[in-house]
Amino acid sequence: MRRAVCPGSFDPVTNGHLDIIGRASRLFDEVIVGVLINQSKTGVFTVEERIGMLREVTASYDNVRVESFRGLLVDFCRAQQATVLIKGIRAVSDFDYELQMAQMNIGLAGVETLFMPTNPLYSFLSSSLVKDVAKWGGDVSPHVPDLVREALRARLTSPS
């Protein structure tokens, strides 16, 4: 079975993330979306909330499942019996950072990294940018699923 991991914090999941997950689901028998538990960072959404949203917005993919992990990504890959990571690349700056990570992961555990260029529609999109726009009441509906837009609105906007 060809199994791949799409890792990230997904705080929140964006249409760019979903594009990569969907494309990966056509290439692999199973895609595991790995939600990083990073206790040194406080997210807008809890890990459980992110997992719930991801499960809902990926429900149409029969071969995608969502799990959380902490620690080394390669250890998560071993536990999932996945030998491939899928990483979306938006720009050269992403590649510079991700290449270092890929080289470390192959050295640590033989886990390969495949870089998937982002759809140009999402090349500027990041979770941080979406959170900033939503925080100030901007329209993020073109950039996130409706479920996520509503969750952001409920979490980030205060009553006037």
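Predicted model: local features only at pLDDT ≥ 70, side-chain atom pairs only at ≥ 80, totals over all residues.
The protein carries 17 positive and 18 negative side chains, and the centres of these two sets lie 2 Å apart. In this count, Lys and Arg are positive and Asp and Glu are negative, while His and the chain ends are left out. Each charge is placed at NZ of Lys, CZ of Arg, CG of Asp or CD of Glu.

Residues are numbered from 1 along each chain as its sequence is written, and side-chain values use heavy atoms, without hydrogens and water.

Let me turn to the overall fold. The protein contains 6 helices and 5 strands, and along the sequence they follow the pattern β-α-β-α-β-α-β-α-β-α-α. The radius of gyration is 16 Å, close to the 15 Å that the globule rule gives for 160 residues, so the protein is as compact as a globular protein of that length. This radius is taken over C-alpha atoms, and the rule is 2.2 Å times the number of residues to the power 0.38. Helices here are DSSP runs of H or I with at least four residues, strands are runs of E with at least two, and both are numbered from the N terminus. Along the principal axes, the C-alpha atoms fill a box of roughly 55 × 30 × 30 Å.

Next, the interior. Of the 160 residues, 45% count as buried; that term means under 20% relative accessible area, with exposed meaning over 50% and partly exposed in between (1.4 Å probe, protein chains only). Among contacts with a separation of 6 or more, 76% join residues 24 or more positions apart, a contact being heavy atoms within 4.5 Å.

How many disulfides does a search of the whole structure find? The search finds 0, where a disulfide is a pair of cysteine sulfur atoms within 2.5 Å. For Cys6, the nearest cysteine sulfur is that of Cys77, 10 Å away, which is too far for a bond. Cys6 is buried at 3% relative accessibility, and Cys77 is buried at 0%.

Val47 belongs to helix α2, residues 47-57, and is buried with a relative accessible area of 13%. Beyond residues up to four places away in sequence, Val47 touches Val35, Leu36, Ile37 and Ser68. Val133 lies 86 residues from Val47 along the chain, and their C-alpha atoms are separated by 21 Å.
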